[in-house]
Amino acid sequence: MTASDGSAATEWSPTGSVTVRAPGKLNLHLAVGDCRDDGYHELTTVFHAVSLVDEVTVRDADVLSLRLAGEGADVLPTDERNLAWRAAELMAEHVGRAPDVAITIDKSIPVAGGMAGGSADAAAVLVGMNVLWELGVPRRDLHAMAARLGSDVPFALHGGTALGTGRGEELATVLTRETFHWVLVFADRGLSTPAVFAELDRLRDSGRTLPEVGEPEPVLAALAAGDPQRLAGLLGNDLQTAAVSLNPALRRTLRAGVEAGALSGIVTGSGPTCAFLCASGPSAADVAVELAAVGAGRAVRVASGPVYGARVVPSSVSGV
(Lines give C-alpha, C1' and ligand atoms only; values in the text may rest on other atoms or scores of the structure.)
Protein backbone atom coordinates (compact mmCIF):
# COMPACT_ATOMS: atom_id res chain seq x y z
CA MET A 1 0.00 0.00 0.00
CA THR A 2 1.14 3.54 -0.71
CA ALA A 3 0.01 6.88 0.62
CA SER A 4 -3.11 8.72 -0.36
CA ASP A 5 -2.97 10.12 -3.87
CA GLY A 6 -4.12 13.48 -2.57
CA SER A 7 -7.82 13.14 -3.42
CA ALA A 8 -8.60 13.78 0.24
CA ALA A 9 -7.23 17.29 -0.21
CA THR A 10 -9.08 18.26 -3.36
CA GLU A 11 -12.46 16.54 -3.22
CA TRP A 12 -15.32 19.02 -3.79
CA SER A 13 -17.90 19.66 -1.08
CA PRO A 14 -20.92 21.91 -0.74
CA THR A 15 -20.92 24.30 2.19
CA GLY A 16 -21.91 22.51 5.39
CA SER A 17 -19.83 19.90 7.18
CA VAL A 18 -17.11 17.37 6.46
CA THR A 19 -15.86 14.46 8.56
CA VAL A 20 -12.29 13.21 8.22
CA ARG A 21 -10.79 10.03 9.67
CA ALA A 22 -7.12 10.22 10.65
CA PRO A 23 -5.06 7.28 11.89
CA GLY A 24 -2.78 6.74 14.82
CA LYS A 25 0.79 5.77 14.02
CA LEU A 26 3.28 3.19 15.19
CA ASN A 27 7.04 3.56 14.96
CA LEU A 28 8.33 0.18 13.82
CA HIS A 29 11.88 1.52 13.88
CA LEU A 30 13.02 4.66 15.66
CA ALA A 31 16.67 5.68 15.78
CA VAL A 32 17.32 8.86 17.76
CA GLY A 33 20.44 10.88 16.97
CA ASP A 34 21.98 13.84 18.72
CA CYS A 35 20.06 16.92 19.76
CA ARG A 36 20.22 19.60 17.05
CA ASP A 37 20.75 23.33 17.47
CA ASP A 38 16.98 23.88 17.14
CA GLY A 39 16.29 21.60 20.11
CA TYR A 40 14.98 18.68 18.05
CA HIS A 41 16.74 15.33 17.77
CA GLU A 42 17.75 13.93 14.40
CA LEU A 43 15.49 10.93 13.72
CA THR A 44 15.30 7.99 11.38
CA THR A 45 11.99 6.20 11.76
CA VAL A 46 9.63 3.85 9.98
CA PHE A 47 6.09 5.14 10.45
CA HIS A 48 3.13 2.76 10.09
CA ALA A 49 -0.47 4.04 10.11
CA VAL A 50 -2.99 1.75 11.82
CA SER A 51 -6.74 1.42 11.93
CA LEU A 52 -7.19 3.11 15.30
CA VAL A 53 -8.58 6.45 14.11
CA ASP A 54 -9.93 9.75 15.36
CA GLU A 55 -12.97 11.20 13.57
CA VAL A 56 -12.86 14.96 13.10
CA THR A 57 -15.90 16.89 11.86
CA VAL A 58 -15.49 20.45 10.60
CA ARG A 59 -18.55 22.68 10.15
CA ASP A 60 -19.10 26.23 9.01
CA ALA A 61 -19.66 28.48 12.03
CA ASP A 62 -19.62 32.09 13.17
CA VAL A 63 -16.53 31.63 15.32
CA LEU A 64 -13.81 29.03 15.87
CA SER A 65 -14.72 26.40 18.47
CA LEU A 66 -13.55 22.93 19.49
CA ARG A 67 -15.45 20.09 21.18
CA LEU A 68 -13.98 16.74 22.20
CA ALA A 69 -15.48 13.35 23.00
CA GLY A 70 -14.10 9.88 23.57
CA GLU A 71 -10.61 8.76 24.61
CA GLY A 72 -8.97 11.32 26.90
CA ALA A 73 -11.41 14.09 26.03
CA ASP A 74 -11.62 15.23 29.65
CA VAL A 75 -7.90 16.06 29.87
CA LEU A 76 -7.38 17.87 26.57
CA PRO A 77 -7.62 21.66 26.06
CA THR A 78 -10.27 23.08 23.74
CA ASP A 79 -8.50 26.30 22.84
CA GLU A 80 -5.29 27.46 21.15
CA ARG A 81 -3.28 24.95 23.21
CA ASN A 82 -4.83 22.17 21.11
CA LEU A 83 -3.04 21.35 17.85
CA ALA A 84 -6.35 21.00 15.99
CA TRP A 85 -7.24 24.60 16.92
CA ARG A 86 -3.85 25.81 15.69
CA ALA A 87 -4.33 23.87 12.45
CA ALA A 88 -7.58 25.73 11.81
CA GLU A 89 -5.90 29.07 12.45
CA LEU A 90 -3.00 28.16 10.16
CA MET A 91 -5.23 27.07 7.27
CA ALA A 92 -7.34 30.22 7.61
CA GLU A 93 -4.22 32.39 7.66
CA HIS A 94 -2.91 30.59 4.57
CA VAL A 95 -5.99 31.56 2.55
CA GLY A 96 -6.64 34.96 4.16
CA ARG A 97 -9.86 34.12 5.97
CA ALA A 98 -11.06 34.06 9.56
CA PRO A 99 -11.02 30.52 11.06
CA ASP A 100 -14.79 30.39 11.44
CA VAL A 101 -15.32 26.64 11.86
CA ALA A 102 -16.72 24.41 14.58
CA ILE A 103 -14.50 21.38 15.13
CA THR A 104 -15.75 18.21 16.82
CA ILE A 105 -13.31 15.39 17.54
CA ASP A 106 -14.35 11.88 18.49
CA LYS A 107 -11.14 10.39 19.85
CA SER A 108 -10.01 6.77 19.86
CA ILE A 109 -6.23 7.36 19.77
CA PRO A 110 -4.80 7.59 23.32
CA VAL A 111 -3.67 10.95 24.64
CA ALA A 112 0.08 11.23 25.33
CA GLY A 113 0.34 7.64 24.15
CA GLY A 114 3.09 7.82 21.53
CA MET A 115 0.63 7.33 18.66
CA ALA A 116 0.43 10.99 17.54
CA GLY A 117 -3.28 11.45 18.19
CA GLY A 118 -2.98 15.23 18.39
CA SER A 119 -1.07 15.26 15.12
CA ALA A 120 -3.77 13.12 13.51
CA ASP A 121 -6.42 15.61 14.61
CA ALA A 122 -4.44 18.53 13.20
CA ALA A 123 -3.99 16.76 9.85
CA ALA A 124 -7.71 16.01 9.76
CA VAL A 125 -8.56 19.68 10.31
CA LEU A 126 -6.31 20.73 7.41
CA VAL A 127 -7.95 18.19 5.08
CA GLY A 128 -11.45 18.95 6.34
CA MET A 129 -11.19 22.72 5.93
CA ASN A 130 -9.64 22.31 2.49
CA VAL A 131 -12.70 20.35 1.39
CA LEU A 132 -15.31 22.31 3.35
CA TRP A 133 -14.16 25.64 1.94
CA GLU A 134 -13.49 24.20 -1.55
CA LEU A 135 -9.97 25.63 -1.43
CA GLY A 136 -8.08 23.16 -3.59
CA VAL A 137 -4.88 23.74 -1.61
CA PRO A 138 -2.32 21.38 -3.18
CA ARG A 139 -0.86 18.47 -1.27
CA ARG A 140 2.62 20.02 -1.06
CA ASP A 141 1.19 23.11 0.68
CA LEU A 142 -0.78 20.95 3.11
CA HIS A 143 2.44 19.07 3.89
CA ALA A 144 4.30 22.34 4.50
CA MET A 145 1.58 23.53 6.89
CA ALA A 146 1.60 20.14 8.61
CA ALA A 147 5.36 20.38 9.17
CA ARG A 148 4.91 23.83 10.75
CA LEU A 149 2.42 22.37 13.20
CA GLY A 150 4.51 19.41 14.37
CA SER A 151 6.93 16.65 13.46
CA ASP A 152 4.27 13.90 13.22
CA VAL A 153 1.56 15.87 11.41
CA PRO A 154 2.96 15.28 7.89
CA PHE A 155 2.80 11.51 8.37
CA ALA A 156 -0.80 11.74 9.58
CA LEU A 157 -1.55 13.29 6.18
CA HIS A 158 0.61 10.78 4.31
CA GLY A 159 -0.50 7.52 5.95
CA GLY A 160 0.48 4.06 4.79
CA THR A 161 4.06 3.25 5.76
CA ALA A 162 6.89 5.74 5.35
CA LEU A 163 10.53 6.34 6.18
CA GLY A 164 10.82 9.54 8.19
CA THR A 165 14.01 11.55 8.59
CA GLY A 166 14.98 15.00 9.87
CA ARG A 167 12.75 15.47 12.89
CA GLY A 168 10.31 13.03 11.25
CA GLU A 169 8.72 15.45 8.80
CA GLU A 170 10.72 14.39 5.73
CA LEU A 171 8.90 11.36 4.32
CA ALA A 172 9.54 8.69 1.71
CA THR A 173 6.81 6.15 0.94
CA VAL A 174 7.64 2.56 1.87
CA LEU A 175 6.22 -0.39 -0.06
CA THR A 176 4.33 -2.72 2.24
CA ARG A 177 2.89 -6.05 1.14
CA GLU A 178 0.07 -7.67 3.10
CA THR A 179 -1.71 -6.37 6.19
CA PHE A 180 0.00 -6.51 9.57
CA HIS A 181 -2.02 -7.22 12.71
CA TRP A 182 -1.43 -5.49 16.03
CA VAL A 183 -2.63 -5.47 19.61
CA LEU A 184 -2.28 -2.12 21.38
CA VAL A 185 -2.15 -1.74 25.15
CA PHE A 186 -2.85 1.70 26.60
CA ALA A 187 -0.96 2.51 29.79
CA ASP A 188 -2.60 3.83 32.94
CA ARG A 189 -0.93 7.22 32.47
CA GLY A 190 0.60 9.10 29.56
CA LEU A 191 4.19 10.16 29.04
CA SER A 192 5.37 13.59 27.94
CA THR A 193 7.34 13.37 24.70
CA PRO A 194 9.88 16.04 25.81
CA ALA A 195 10.33 14.19 29.11
CA VAL A 196 11.11 10.92 27.33
CA PHE A 197 13.67 12.54 25.03
CA ALA A 198 15.21 14.28 28.05
CA GLU A 199 15.43 10.95 29.86
CA LEU A 200 17.14 9.38 26.86
CA ASP A 201 19.69 12.23 26.87
CA ARG A 202 20.22 11.76 30.61
CA LEU A 203 20.77 8.01 30.24
CA ARG A 204 23.22 8.54 27.40
CA ASP A 205 25.10 11.24 29.28
CA SER A 206 25.41 8.92 32.29
CA GLY A 207 27.65 6.64 30.25
CA ARG A 208 25.22 3.75 30.42
CA THR A 209 25.39 1.42 27.42
CA LEU A 210 21.97 1.47 25.75
CA PRO A 211 20.61 -0.76 23.00
CA GLU A 212 20.61 0.84 19.56
CA VAL A 213 18.28 -0.08 16.73
CA GLY A 214 20.75 0.13 13.84
CA GLU A 215 19.77 0.83 10.24
CA PRO A 216 16.19 0.68 8.89
CA GLU A 217 16.88 -1.33 5.72
CA PRO A 218 16.11 -4.79 7.21
CA VAL A 219 12.77 -3.44 8.46
CA LEU A 220 11.95 -2.08 5.00
CA ALA A 221 12.80 -5.45 3.46
CA ALA A 222 10.54 -7.33 5.89
CA LEU A 223 7.68 -4.93 5.14
CA ALA A 224 8.19 -5.35 1.40
CA ALA A 225 8.12 -9.13 1.86
CA GLY A 226 4.93 -8.93 3.94
CA ASP A 227 6.51 -11.23 6.52
CA PRO A 228 5.39 -10.64 10.14
CA GLN A 229 7.73 -13.30 11.53
CA ARG A 230 10.69 -11.56 9.95
CA LEU A 231 9.50 -8.11 10.97
CA ALA A 232 8.97 -9.20 14.59
CA GLY A 233 12.66 -9.62 15.23
CA LEU A 234 13.49 -6.22 13.76
CA LEU A 235 11.18 -3.90 15.69
CA GLY A 236 13.24 -1.37 17.61
CA ASN A 237 12.93 1.97 19.37
CA ASP A 238 15.77 3.98 20.91
CA LEU A 239 13.21 5.73 23.14
CA GLN A 240 11.95 2.48 24.68
CA THR A 241 14.63 2.35 27.39
CA ALA A 242 13.81 5.91 28.41
CA ALA A 243 10.06 5.26 28.43
CA VAL A 244 10.54 2.15 30.59
CA SER A 245 12.83 4.13 32.91
CA LEU A 246 10.03 6.65 33.47
CA ASN A 247 7.30 3.98 33.67
CA PRO A 248 8.77 0.64 34.79
CA ALA A 249 5.38 -1.09 34.53
CA LEU A 250 5.87 -1.10 30.74
CA ARG A 251 8.43 -3.88 31.18
CA ARG A 252 5.72 -6.17 32.58
CA THR A 253 3.33 -5.22 29.79
CA LEU A 254 5.89 -6.04 27.10
CA ARG A 255 6.57 -9.42 28.71
CA ALA A 256 2.85 -10.17 29.08
CA GLY A 257 2.20 -9.57 25.38
CA VAL A 258 4.81 -12.07 24.25
CA GLU A 259 3.60 -14.59 26.85
CA ALA A 260 0.08 -14.14 25.45
CA GLY A 261 1.26 -15.22 21.98
CA ALA A 262 2.41 -12.07 20.20
CA LEU A 263 5.41 -12.40 17.91
CA SER A 264 7.05 -9.33 19.42
CA GLY A 265 6.27 -6.16 21.33
CA ILE A 266 7.55 -2.59 21.30
CA VAL A 267 6.89 0.74 22.97
CA THR A 268 5.71 2.95 20.13
CA GLY A 269 7.19 6.43 19.77
CA SER A 270 7.76 8.11 23.12
CA GLY A 271 5.27 5.71 24.70
CA PRO A 272 3.71 4.53 26.78
CA THR A 273 1.46 2.59 24.38
CA CYS A 274 2.80 -0.90 23.72
CA ALA A 275 2.23 -2.43 20.28
CA PHE A 276 2.33 -6.19 19.78
CA LEU A 277 2.78 -7.69 16.33
CA CYS A 278 0.76 -10.86 15.75
CA ALA A 279 0.88 -13.54 13.08
CA SER A 280 -2.72 -13.01 11.89
CA GLY A 281 -6.01 -11.33 12.64
CA PRO A 282 -7.35 -14.29 14.67
CA SER A 283 -4.08 -14.46 16.59
CA ALA A 284 -4.35 -10.75 17.42
CA ALA A 285 -7.88 -11.28 18.72
CA ASP A 286 -6.66 -14.11 20.96
CA VAL A 287 -3.73 -12.06 22.28
CA ALA A 288 -6.04 -9.14 23.02
CA VAL A 289 -8.41 -11.35 25.02
CA GLU A 290 -5.51 -12.76 27.02
CA LEU A 291 -4.01 -9.34 27.75
CA ALA A 292 -7.39 -7.94 28.81
CA ALA A 293 -7.89 -10.96 31.09
CA VAL A 294 -4.61 -10.36 32.93
CA GLY A 295 -5.33 -6.65 33.29
CA ALA A 296 -2.55 -5.36 31.06
CA GLY A 297 -2.82 -1.58 30.92
CA ARG A 298 -6.11 0.27 31.17
CA ALA A 299 -7.38 -0.71 27.72
CA VAL A 300 -6.55 -3.17 24.95
CA ARG A 301 -7.34 -2.62 21.27
CA VAL A 302 -6.86 -4.61 18.06
CA ALA A 303 -5.70 -2.75 14.95
CA SER A 304 -4.23 -3.43 11.54
CA GLY A 305 -2.05 -1.55 9.10
CA PRO A 306 -1.09 0.08 6.95
CA VAL A 307 -4.10 2.33 6.39
CA TYR A 308 -4.55 5.62 4.55
CA GLY A 309 -3.70 8.97 6.06
CA ALA A 310 -6.31 11.64 6.86
CA ARG A 311 -9.19 11.15 4.45
CA VAL A 312 -12.70 12.49 4.04
CA VAL A 313 -15.54 10.12 4.89
CA PRO A 314 -17.54 10.44 1.62
CA SER A 315 -20.94 9.96 3.23
CA SER A 316 -20.18 12.76 5.72
CA VAL A 317 -20.10 15.60 3.22
CA SER A 318 -23.30 17.60 3.61
CA GLY A 319 -24.76 20.96 2.71
CA VAL A 320 -26.67 23.43 4.86
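The legends below describe close-up views of a predicted model.

**View 1. The two domains of the chain.**
The chain of this predicted model is split into domain 1, residues 17-173, and domain 2, residues 180-305. Between the C-alpha centres of the two domains the distance is 23 Å.

**View 2. The interface between domain 1 and domain 2.**
On one side, 28 residues of domain 1 make contact, and they meet 37 residues of domain 2. The size of an interface is often given as the accessible area lost when the parts come together. Here the area buried between domain 1 and domain 2 is about 2300 Å². Carbon and sulfur atoms account for 63% of this area. Within domain 1, the residues L28, H29 and L30 provide 24% of the area that this domain buries against domain 2, more than any other three residues.

**View 3. Polar and charged pairs across the interface.**
There is 1 salt bridge between domain 1 and domain 2. A salt bridge also describes the pair E71 and R298, whose closest N and O atoms are 2.3 Å apart. Polar contacts across the interface of the two domains number 15 residue pairs. On the side of domain 1 that touches domain 2, the elements giving two or more residues are β1 (16-35), β2 (41-60) and β5 (161-165). Sorted by class, that side of domain 1 holds 15 nonpolar, 11 polar and 2 charged residues.

An unreviewed UniProt entry lists residues 82-160 as "domain: GHMP kinase N-terminal". In the model, 58% of this stretch is helix and 9% is strand.

**View 4. A residue with positive phi.**
Most residues other than glycine have a negative phi, and most peptide bonds are trans. E134 has a positive phi, near 55°, and is not a glycine. This residue, E134, sits in the loop between α3 (117-132) and α4 (139-149).

G271 and P272 are joined by a cis peptide bond with omega of about 10°. P272 belongs to the loop that links β9 (264-267) and β10 (274-278).

From G305 to P306 the peptide bond is cis, and its omega is near 5°. P306 lies in the loop between β11 (299-305) and β12 (311-312).

Definitions and conventions
Residues numbered from 1 in each chain as written. Predicted model: local features only at pLDDT ≥ 70, side-chain atom pairs only at ≥ 80, totals over all residues. Heavy atoms only, no water. Domains from an automatic or database assignment. Contact = heavy atoms within 4.5 Å. Buried area = accessible area lost by both parts, 1.4 Å probe. Salt bridge = Lys/Arg side-chain N within 4 Å of Asp/Glu carboxyl O. Polar contact = N/O pair within 3.5 Å; in protein donor to acceptor, adjacent residues only side chain to side chain. Helix = DSSP H or I, 4+ residues; strand = E, 2+ residues; numbered from the N terminus. Nonpolar A, V, L, I, M, F, W, Y, C, P; charged D, E, K, R; others polar. UniProt positions renumbered as here; feature names shortened; annotations may be inferred.
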